[in-house]
Amino acid sequence: MNSCGWVGVAFRMGILDYEEALNLQNRLVEARKNEEISDTVLFLQHLPVITMGKSGKLQNILAPKRIEEKNIRVIYTDRGGDVTYHGPGQLVVYPIINLRSQGITLSGYVWKLEEMVIQLLSCFGIEASRVEKMRGVWVGKEKIAALGVHLSRWISKHGLALNVNTNLDPFDLINPCGTGRRVTSMAKILGRELCIDNVESLMIKCFAEVFGMNISLEPTNRLKPF
Amino acid sequence: MVYEVQMPKLDITMEKGILVKWFKKEGEKINKGEPLFEVSTEKVSTEVESEVSGMVMKINFSADDIVNVGEVVAVIEAEA
(Lines give C-alpha, C1' and ligand atoms only; values in the text may rest on other atoms or scores of the structure.)
Protein backbone atom coordinates (compact mmCIF):
# COMPACT_ATOMS: atom_id res chain seq x y z
CA MET A 1 0.00 0.00 0.00
CA ASN A 2 1.31 3.46 -0.77
CA SER A 3 1.42 6.37 1.65
CA CYS A 4 -1.99 7.62 0.54
CA GLY A 5 -3.59 4.43 1.82
CA TRP A 6 -6.65 2.94 0.24
CA VAL A 7 -8.44 5.29 -2.12
CA GLY A 8 -11.89 4.57 -3.50
CA VAL A 9 -14.68 6.43 -5.24
CA ALA A 10 -18.30 6.61 -4.19
CA PHE A 11 -21.46 7.53 -6.07
CA ARG A 12 -24.80 8.64 -4.69
CA MET A 13 -27.24 7.19 -7.20
CA GLY A 14 -30.62 8.17 -5.76
CA ILE A 15 -33.47 5.75 -6.52
CA LEU A 16 -32.65 3.06 -9.04
CA ASP A 17 -34.47 0.09 -10.55
CA TYR A 18 -33.02 -3.18 -9.20
CA GLU A 19 -32.07 -4.65 -12.56
CA GLU A 20 -30.55 -1.39 -13.74
CA ALA A 21 -28.40 -1.35 -10.61
CA LEU A 22 -27.46 -5.01 -11.09
CA ASN A 23 -26.40 -4.45 -14.70
CA LEU A 24 -24.33 -1.47 -13.61
CA GLN A 25 -22.68 -3.57 -10.89
CA ASN A 26 -21.90 -6.34 -13.38
CA ARG A 27 -20.20 -3.87 -15.72
CA LEU A 28 -18.29 -2.28 -12.85
CA VAL A 29 -17.11 -5.70 -11.64
CA GLU A 30 -15.73 -6.47 -15.10
CA ALA A 31 -14.05 -3.07 -15.26
CA ARG A 32 -12.59 -3.61 -11.78
CA LYS A 33 -11.26 -7.05 -12.81
CA ASN A 34 -9.52 -5.42 -15.76
CA GLU A 35 -8.11 -2.68 -13.50
CA GLU A 36 -9.96 -0.05 -15.54
CA ILE A 37 -11.49 1.48 -12.42
CA SER A 38 -10.52 1.73 -8.78
CA ASP A 39 -12.57 0.35 -5.89
CA THR A 40 -16.05 1.80 -6.18
CA VAL A 41 -18.95 2.06 -3.77
CA LEU A 42 -22.54 2.75 -4.83
CA PHE A 43 -25.09 4.23 -2.41
CA LEU A 44 -28.70 4.08 -3.56
CA GLN A 45 -32.31 3.10 -2.97
CA HIS A 46 -34.40 0.71 -5.02
CA LEU A 47 -37.88 0.83 -6.45
CA PRO A 48 -40.05 -1.81 -4.74
CA VAL A 49 -38.79 -5.31 -5.58
CA ILE A 50 -38.48 -8.73 -3.97
CA THR A 51 -35.22 -10.54 -4.65
CA MET A 52 -34.23 -14.15 -4.14
CA GLY A 53 -30.63 -15.00 -3.33
CA LYS A 54 -28.67 -18.15 -4.11
CA SER A 55 -29.93 -20.02 -1.06
CA GLY A 56 -33.47 -18.72 -1.52
CA LYS A 57 -36.35 -21.12 -0.86
CA LEU A 58 -39.59 -20.65 -2.74
CA GLN A 59 -41.69 -21.30 0.37
CA ASN A 60 -40.27 -18.10 1.87
CA ILE A 61 -42.38 -16.15 -0.60
CA LEU A 62 -45.50 -16.34 1.55
CA ALA A 63 -48.07 -14.46 -0.51
CA PRO A 64 -47.26 -14.74 -4.22
CA LYS A 65 -50.76 -13.59 -5.25
CA ARG A 66 -50.64 -10.41 -3.19
CA ILE A 67 -47.14 -9.69 -4.45
CA GLU A 68 -48.53 -9.91 -7.96
CA GLU A 69 -51.52 -7.70 -7.09
CA LYS A 70 -49.18 -5.06 -5.68
CA ASN A 71 -47.14 -5.15 -8.87
CA ILE A 72 -43.98 -5.97 -6.96
CA ARG A 73 -41.60 -7.89 -9.16
CA VAL A 74 -39.73 -10.97 -7.95
CA ILE A 75 -36.17 -11.21 -9.25
CA TYR A 76 -33.76 -14.12 -8.91
CA THR A 77 -30.29 -12.80 -8.32
CA ASP A 78 -26.76 -14.08 -7.76
CA ARG A 79 -26.11 -12.73 -4.28
CA GLY A 80 -25.80 -15.06 -1.31
CA GLY A 81 -28.73 -15.40 1.08
CA ASP A 82 -32.49 -15.91 0.89
CA VAL A 83 -35.45 -13.69 0.01
CA THR A 84 -35.69 -9.99 0.84
CA TYR A 85 -37.57 -6.82 -0.04
CA HIS A 86 -36.08 -3.56 -1.31
CA GLY A 87 -37.92 -0.28 -1.65
CA PRO A 88 -37.65 3.49 -1.29
CA GLY A 89 -36.54 4.63 2.16
CA GLN A 90 -34.13 1.69 2.41
CA LEU A 91 -30.49 2.64 2.03
CA VAL A 92 -28.46 0.21 -0.05
CA VAL A 93 -24.68 0.04 -0.32
CA TYR A 94 -22.99 -1.90 -3.11
CA PRO A 95 -19.19 -2.01 -2.80
CA ILE A 96 -17.34 -3.13 -5.93
CA ILE A 97 -14.02 -3.67 -4.23
CA ASN A 98 -11.10 -6.04 -4.52
CA LEU A 99 -11.02 -7.75 -1.13
CA ARG A 100 -7.83 -9.67 -1.78
CA SER A 101 -5.73 -6.64 -2.61
CA GLN A 102 -6.82 -5.08 0.69
CA GLY A 103 -6.22 -8.30 2.62
CA ILE A 104 -9.87 -8.47 3.67
CA THR A 105 -11.21 -11.97 4.38
CA LEU A 106 -14.72 -13.06 3.61
CA SER A 107 -15.90 -12.99 7.23
CA GLY A 108 -13.91 -9.79 7.77
CA TYR A 109 -15.83 -8.20 4.92
CA VAL A 110 -19.23 -9.20 6.27
CA TRP A 111 -18.17 -8.05 9.74
CA LYS A 112 -17.15 -4.64 8.39
CA LEU A 113 -20.45 -4.16 6.56
CA GLU A 114 -22.32 -4.98 9.76
CA GLU A 115 -20.01 -2.76 11.81
CA MET A 116 -20.66 0.19 9.50
CA VAL A 117 -24.39 -0.06 10.25
CA ILE A 118 -23.89 -0.60 13.98
CA GLN A 119 -21.77 2.58 14.15
CA LEU A 120 -24.25 4.52 12.02
CA LEU A 121 -27.16 3.49 14.23
CA SER A 122 -25.28 4.39 17.40
CA CYS A 123 -25.13 8.00 16.09
CA PHE A 124 -28.92 7.97 16.37
CA GLY A 125 -28.89 6.37 19.81
CA ILE A 126 -30.04 3.04 18.43
CA GLU A 127 -28.30 0.10 20.02
CA ALA A 128 -27.85 -2.60 17.40
CA SER A 129 -25.95 -5.88 17.42
CA ARG A 130 -25.10 -9.07 15.61
CA VAL A 131 -26.94 -12.30 16.31
CA GLU A 132 -24.85 -15.46 16.46
CA LYS A 133 -25.11 -17.66 13.39
CA MET A 134 -27.31 -15.09 11.64
CA ARG A 135 -25.94 -12.40 9.42
CA GLY A 136 -27.17 -8.85 9.27
CA VAL A 137 -27.75 -6.24 11.96
CA TRP A 138 -30.40 -6.57 14.60
CA VAL A 139 -32.16 -4.31 17.08
CA GLY A 140 -33.42 -6.64 19.77
CA LYS A 141 -35.03 -9.53 17.93
CA GLU A 142 -35.83 -7.53 14.81
CA LYS A 143 -33.64 -7.20 11.76
CA ILE A 144 -32.80 -3.70 10.60
CA ALA A 145 -30.14 -4.42 7.95
CA ALA A 146 -29.79 -7.41 5.64
CA LEU A 147 -26.80 -8.44 3.59
CA GLY A 148 -25.96 -10.64 0.68
CA VAL A 149 -22.66 -10.69 -1.19
CA HIS A 150 -21.25 -12.16 -4.37
CA LEU A 151 -17.51 -12.51 -4.99
CA SER A 152 -15.90 -13.03 -8.34
CA ARG A 153 -12.10 -13.16 -8.30
CA TRP A 154 -12.37 -11.56 -4.86
CA ILE A 155 -14.22 -8.58 -6.29
CA SER A 156 -17.40 -7.92 -4.36
CA LYS A 157 -20.87 -7.28 -5.67
CA HIS A 158 -24.22 -6.72 -3.93
CA GLY A 159 -23.88 -5.67 -0.30
CA LEU A 160 -26.11 -4.42 2.45
CA ALA A 161 -29.53 -2.79 2.85
CA LEU A 162 -30.54 -0.72 5.88
CA ASN A 163 -34.16 0.15 6.60
CA VAL A 164 -34.32 3.88 7.27
CA ASN A 165 -37.86 4.96 6.36
CA THR A 166 -38.80 1.78 4.50
CA ASN A 167 -42.48 0.85 4.33
CA LEU A 168 -42.26 -2.45 6.20
CA ASP A 169 -45.61 -3.87 5.04
CA PRO A 170 -44.17 -5.73 2.00
CA PHE A 171 -41.93 -7.74 4.36
CA ASP A 172 -45.14 -9.47 5.54
CA LEU A 173 -45.45 -10.99 2.07
CA ILE A 174 -42.22 -12.94 2.56
CA ASN A 175 -40.25 -14.72 5.26
CA PRO A 176 -37.32 -12.28 5.22
CA CYS A 177 -34.01 -14.10 4.80
CA GLY A 178 -35.82 -17.29 5.79
CA THR A 179 -35.34 -16.49 9.47
CA GLY A 180 -38.97 -16.25 10.57
CA ARG A 181 -38.06 -13.05 12.41
CA ARG A 182 -39.55 -9.59 12.03
CA VAL A 183 -37.99 -6.61 10.33
CA THR A 184 -37.73 -3.07 11.68
CA SER A 185 -36.59 0.37 10.53
CA MET A 186 -34.91 3.44 12.02
CA ALA A 187 -38.16 5.41 11.56
CA LYS A 188 -40.15 2.78 13.44
CA ILE A 189 -37.69 2.72 16.33
CA LEU A 190 -37.34 6.52 16.57
CA GLY A 191 -40.99 7.24 15.88
CA ARG A 192 -40.20 9.74 13.12
CA GLU A 193 -39.13 9.80 9.49
CA LEU A 194 -35.49 10.62 8.88
CA CYS A 195 -33.88 12.69 6.13
CA ILE A 196 -32.48 9.86 4.05
CA ASP A 197 -29.85 12.12 2.43
CA ASN A 198 -28.41 12.86 5.85
CA VAL A 199 -28.39 9.20 6.80
CA GLU A 200 -26.67 8.41 3.50
CA SER A 201 -23.98 11.04 4.14
CA LEU A 202 -23.37 9.53 7.53
CA MET A 203 -23.26 6.04 6.06
CA ILE A 204 -20.54 7.11 3.61
CA LYS A 205 -18.54 8.45 6.56
CA CYS A 206 -19.04 5.25 8.55
CA PHE A 207 -18.05 3.14 5.53
CA ALA A 208 -14.83 5.15 5.10
CA GLU A 209 -14.09 4.83 8.80
CA VAL A 210 -14.73 1.11 9.18
CA PHE A 211 -13.02 0.09 5.95
CA GLY A 212 -10.20 2.59 6.33
CA MET A 213 -10.87 3.88 2.82
CA ASN A 214 -10.31 7.42 1.63
CA ILE A 215 -13.51 8.00 -0.29
CA SER A 216 -13.86 10.63 -2.96
CA LEU A 217 -17.45 11.36 -3.94
CA GLU A 218 -17.90 11.59 -7.68
CA PRO A 219 -20.83 12.88 -9.75
CA THR A 220 -22.91 10.06 -11.24
CA ASN A 221 -22.29 11.19 -14.83
CA ARG A 222 -18.81 9.70 -14.38
CA LEU A 223 -20.60 6.32 -14.56
CA LYS A 224 -22.00 7.05 -18.04
CA PRO A 225 -19.47 4.81 -19.82
CA PHE A 226 -20.86 1.92 -17.75
CA MET B 1 -0.32 -34.42 -13.86
CA VAL B 2 -3.64 -35.03 -12.15
CA TYR B 3 -4.79 -32.16 -10.01
CA GLU B 4 -7.53 -32.63 -7.43
CA VAL B 5 -9.69 -29.58 -6.80
CA GLN B 6 -10.93 -29.43 -3.23
CA MET B 7 -13.75 -27.45 -1.71
CA PRO B 8 -11.74 -24.47 -0.51
CA LYS B 9 -11.93 -23.06 2.99
CA LEU B 10 -12.80 -19.55 1.89
CA ASP B 11 -13.04 -18.33 5.40
CA ILE B 12 -11.88 -19.29 8.84
CA THR B 13 -15.44 -20.12 9.90
CA MET B 14 -16.34 -22.08 6.78
CA GLU B 15 -17.01 -25.82 7.25
CA LYS B 16 -19.08 -26.56 4.17
CA GLY B 17 -20.53 -24.82 1.18
CA ILE B 18 -23.36 -25.24 -1.29
CA LEU B 19 -22.09 -25.94 -4.77
CA VAL B 20 -24.16 -23.47 -6.78
CA LYS B 21 -23.02 -24.14 -10.32
CA TRP B 22 -20.25 -25.33 -12.60
CA PHE B 23 -18.76 -23.05 -15.21
CA LYS B 24 -17.11 -26.02 -16.97
CA LYS B 25 -18.24 -29.50 -17.95
CA GLU B 26 -16.26 -32.74 -17.94
CA GLY B 27 -14.00 -32.79 -20.97
CA GLU B 28 -13.75 -29.01 -21.24
CA LYS B 29 -10.49 -27.09 -21.17
CA ILE B 30 -9.83 -24.58 -18.41
CA ASN B 31 -7.15 -21.97 -17.98
CA LYS B 32 -5.54 -21.05 -14.69
CA GLY B 33 -7.56 -18.23 -13.13
CA GLU B 34 -10.79 -19.05 -14.94
CA PRO B 35 -13.79 -19.70 -12.69
CA LEU B 36 -14.50 -23.42 -12.31
CA PHE B 37 -17.45 -23.45 -9.93
CA GLU B 38 -19.44 -21.25 -7.61
CA VAL B 39 -19.91 -21.84 -3.89
CA SER B 40 -22.46 -20.30 -1.59
CA THR B 41 -22.00 -20.03 2.15
CA GLU B 42 -24.64 -18.40 4.29
CA LYS B 43 -24.72 -14.91 2.83
CA VAL B 44 -21.87 -14.94 0.37
CA SER B 45 -21.58 -16.62 -2.99
CA THR B 46 -18.09 -16.92 -4.42
CA GLU B 47 -16.65 -17.98 -7.75
CA VAL B 48 -13.74 -20.39 -7.33
CA GLU B 49 -11.02 -20.18 -9.94
CA SER B 50 -8.87 -22.98 -11.23
CA GLU B 51 -5.32 -22.99 -9.88
CA VAL B 52 -4.07 -24.84 -12.95
CA SER B 53 -4.61 -24.99 -16.71
CA GLY B 54 -5.72 -28.25 -18.23
CA MET B 55 -8.74 -30.41 -18.92
CA VAL B 56 -11.61 -31.07 -16.52
CA MET B 57 -11.62 -34.88 -16.25
CA LYS B 58 -14.16 -35.52 -13.54
CA ILE B 59 -16.80 -33.58 -11.64
CA ASN B 60 -17.87 -35.23 -8.38
CA PHE B 61 -20.80 -33.07 -7.26
CA SER B 62 -23.77 -31.45 -8.90
CA ALA B 63 -25.46 -28.11 -8.38
CA ASP B 64 -27.14 -27.69 -4.97
CA ASP B 65 -24.95 -30.34 -3.32
CA ILE B 66 -23.60 -29.46 0.11
CA VAL B 67 -19.87 -30.17 0.20
CA ASN B 68 -17.51 -30.22 3.17
CA VAL B 69 -14.32 -28.19 3.07
CA GLY B 70 -11.48 -30.33 1.70
CA GLU B 71 -13.63 -32.76 -0.28
CA VAL B 72 -12.49 -33.31 -3.85
CA VAL B 73 -15.07 -31.68 -6.11
CA ALA B 74 -13.28 -32.11 -9.43
CA VAL B 75 -10.21 -33.59 -11.06
CA ILE B 76 -8.19 -31.69 -13.65
CA GLU B 77 -5.58 -33.20 -15.96
CA ALA B 78 -3.13 -30.36 -15.66
CA GLU B 79 -0.80 -29.31 -18.45
CA ALA B 80 2.80 -30.01 -17.51
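With which side chain does the side chain of Arg79(A) make a polar contact? In this predicted model, local features require pLDDT of at least 70 and side-chain atom pairs count only at pLDDT 80 or more, whereas totals for chains, interfaces and linings use all residues. Residues are numbered from 1 along each chain as its sequence is written, chains are lettered from A and ligands numbered from 1 in the order in which they are written, and side-chain values use heavy atoms, without hydrogens and water.

The partner is the side chain of Thr51(A), at 2.8 Å; a polar contact is a pair of N or O atoms within 3.5 Å, and within protein one must be able to donate a hydrogen and the other to accept it, residues adjacent in sequence counting only if both atoms are side-chain atoms. The Arg79(A) side chain also reaches the backbone oxygen of Asp82(A) at 2.9 Å. Arg79(A) lies in the loop between strand 4 and strand 5 of chain A (strands are DSSP E runs of at least two residues, helices H or I runs of at least four, numbered from the N terminus). Arg79(A) counts as buried because its relative accessibility is 6% (buried: under 20% relative accessible area, exposed: over 50%, partly exposed in between; 1.4 Å probe, protein chains only).

Strand 3 (residues 49-52) of chain A pairs with strand 5 of chain A in the antiparallel sense over four bridges, and Ile50(A) stands opposite Tyr85(A).

Note on methods
Two strands pair if DSSP finds at least two bridges between them.
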